[in-house]
Amino acid sequence: MRRLNRKKTLSLVKELDAFPKVPDSYVETSASGGTVSLIAFTTMALLTIMEFSVYQDTWMKYEYEVDKDFSSKLRINIDITVAMKCQYIGADVLDLAETMVASADGLVYEPVIFDLSPQQKEWQRMLQLIQSRLQEEHSLQDVIFKSAFKSTSTALPPREDDSSQPPDACRIRGHLYVNKVAGNFHITVGKAIPHPRGHAHLAALVNHDSYNFSHRIDHLSFGELVPGIINPLDGTEKIALDHNQMFQYFITIVPTKLHTYKISADTHQFSVTERERVINHAAGSHGVSGIFMKYDLSSLMVTVTEEHMPFWQFFVRLCGIVGGIFSTTGMLHGIGKFIVEIIYCRFRLGAYKPISSIPFEDGHTDNHLPLLENNTH
């Protein structure tokens, strides 16, 4: 009884077979079919390799929402070298709420040589080359996002030569925490002093001829410091052609949450517009000589997430490639074989020429085919 049920089950399964097997004696092979099969298998192999490379690749997904965090502090990461001695200049931040953040809270003034060493010049040249390519190819920013991780550093390398030249510049580096409102980070002559009615710098003791606001921005970023990220002003170098020169940078900051397979960080992207002019009160160009970075925060927040193709999607696409190529090449082979057979049959029919006419003795011709005689008796 059990064997009978097993036989019924096997027979039922055989009836449901969607892939019936054809005996080898019924299978006909041909050279054209073998050629098409080789082309199909080669195409499938190439497309499978290409699809696997797409499966291994990742892409960045951008999502936008309103930034509701107004209570936290904004971190400003600074590494700027000014072609003046440290005792002559001061850096601080003044925001719209008239809150002053002095540089003593987190910035370090380091006497350095303004001219770079050969290795540092090569670093700056490569950084400027990357910046120029980023302006042309915006999609390269995704590559930078995916390659950023904490063990990589994009900071200015130390000098490899022991120069005996005395320091003629000041490197201001470090970070400051400010309110999340629009503000102005500036470097100008004299140290900043608190004032109940405003903001002032003690510049009266500095000789006017020593003013030189030629500067190099090795790094400027907002938010959490993420080594490996190239910011718009990194590698910027400006040379002052006059003592009374003002450099202005108008910065728009966009809060950004970065989530990749290597790092997760709360950072900020920003765009910048530059302007420079000579201060000449007689000509109507008023202002203060120095470097001014006026920043404003966007109300939108961007979430950048690195995504990967799921395995089920890769499997479905792979099945589509295999099945599609099999079906397409089979149909093309059948159509080609049908066309060849038609042409071949037409040539075969053209080989049978009509029988020439039989001339009679009176000069007439008989164009009729002779009738078949019935030899049956």
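You'll find Thr-303 in strand 15. Now show what lies around it. Setting aside residues within four places in sequence, Thr-303 is in contact with Lys-61, Tyr-62, Glu-63, Glu-65, Lys-257 and His-259.

Pick Lys-257 from that set of contacts. Lys-257 belongs to strand 12, which runs over residues 245–259. Is Lys-257 buried or partly exposed? It counts as partly exposed, because its relative accessibility is 33%. Beyond residues up to four places away in sequence, Lys-257 touches Ala-265, Asp-266, Met-301, Val-302, Thr-303 and Val-304. For a distance check, draw a line from the C-alpha of Lys-257 to that of Thr-305: the two are 48 residues apart in sequence and 8.2 Å apart in space.

## Stop two: salt bridges

There are ten salt bridges to look for in the structure. Side chains of opposite charge can pair when their charged atoms come close.

Start with Lys-61, one of the contacts of Thr-303. Lys-61 forms a salt bridge with Glu-307, and the closest N and O atoms are 3.7 Å apart. This pair links distant parts of the chain, with Lys-61 in strand 1 (residues 58–66) and Glu-307 in strand 15 (residues 300–308), 246 residues apart. Colour by accessibility and you'll see Lys-61 as partly exposed at 35%, while Glu-307 is partly exposed at 27%.

Next, go to Arg-125 and Glu-122. Their salt bridge has its closest N and O atoms 2.9 Å apart. What separates Arg-125 and Glu-122 along helix 3? About one helical turn, because they are three residues apart in that helix, which covers residues 118–136. Arg-125 is partly exposed with a relative accessible area of 45%, and Glu-122 is partly exposed at 39%.

Then select Glu-237 and Arg-216, a salt bridge whose closest N and O atoms are 3.8 Å apart. Glu-237 sits in strand 11 (residues 236–238) and Arg-216 in strand 10, so this pair ties together parts that are 21 residues apart in sequence. Compare the two ends: Glu-237 is partly exposed, with a relative accessible area of 36%, whereas Arg-216 is buried at 2%. Before moving on, select Lys-61, Glu-63 and Glu-307 together: salt bridges that share partners join these three into one network.

## Stop three: the nonpolar cores

Time to go inside. The largest nonpolar core has 36 residues, and Phe-185, Ile-187, Ile-251, Met-293 and Tyr-295 touch the most other members. Which elements give two or more residues to this core? They are strand 2 (73–82), strand 3 (89–95), strand 6 (169–179), strand 7 (183–189), strand 10 (215–223), strand 12 and strand 14 (290–297). Strand 2 supplies the largest share, five residues.

Apart from its neighbours within four places in sequence, Met-293 is in contact with Ile-80, Gly-183, Asn-184, Phe-185, Ile-217, Leu-220, Tyr-249 and Ile-251. A second core is separate and has eight residues, including Val-226, Leu-258, Ala-265 and Val-302. You have already met Ala-265 and Val-302, as residues that Lys-257 touches.

## Stop four: a nonpolar patch on the surface

Switch to a surface view and select Met-331, Ile-335, Phe-338, Ile-339, Ile-342, Ile-343 and Phe-347. They form a nonpolar patch on the surface, with about 740 Å² of accessible area together. Zoom in on Phe-338, found in helix 5 (residues 311–350). Phe-338 counts as exposed, because its relative accessibility is 51% and the cut-off is over 50%.

## Last stop: colour by confidence

Finish with pLDDT colouring. The chain has a mean of 79, and 79% of its residues reach 70 or more. Where is confidence lowest, and where highest? It is lowest in strand 17 (residues 365–366), with a mean of 52, and highest in strand 14, at 92. Then select residues 371–377: the pLDDT there is below 50, and this stretch has zero contacts in the model beyond near neighbours in sequence. Where pLDDT is low, the predicted coordinates should not be read in detail.

How values were computed
Residues are numbered from 1 along each chain as its sequence is written. This is a predicted model: local features need pLDDT of at least 70, side-chain atom pairs count only at pLDDT 80 or more; totals for chains, interfaces and linings use all residues. Side-chain values use heavy atoms; hydrogens and water are left out. Helices (H or I, at least four residues) and strands (E, at least two) are DSSP runs, numbered from the N terminus. Buried means under 20% relative accessible area, exposed over 50%, partly exposed in between (1.4 Å probe, protein chains only). Contact means heavy atoms within 4.5 Å. Patches are made of residues with over 30% relative accessible area and no salt bridge: like charges are joined within 9 Å, nonpolar side chains (Val, Leu, Ile, Met, Phe, Trp, Tyr) within 5 Å. Accessible areas come from the Shrake-Rupley method with a 1.4 Å probe; for residues, only the protein chains shown count as cover. A salt bridge is a side-chain nitrogen of Lys or Arg within 4 Å of a carboxyl oxygen of Asp or Glu. A nonpolar core is a set of buried Ala, Val, Leu, Ile, Met, Phe, Trp, Tyr and Cys residues joined through side-chain atoms within 4.5 Å. pLDDT is the predictor's confidence in each residue, from 0 to 100.
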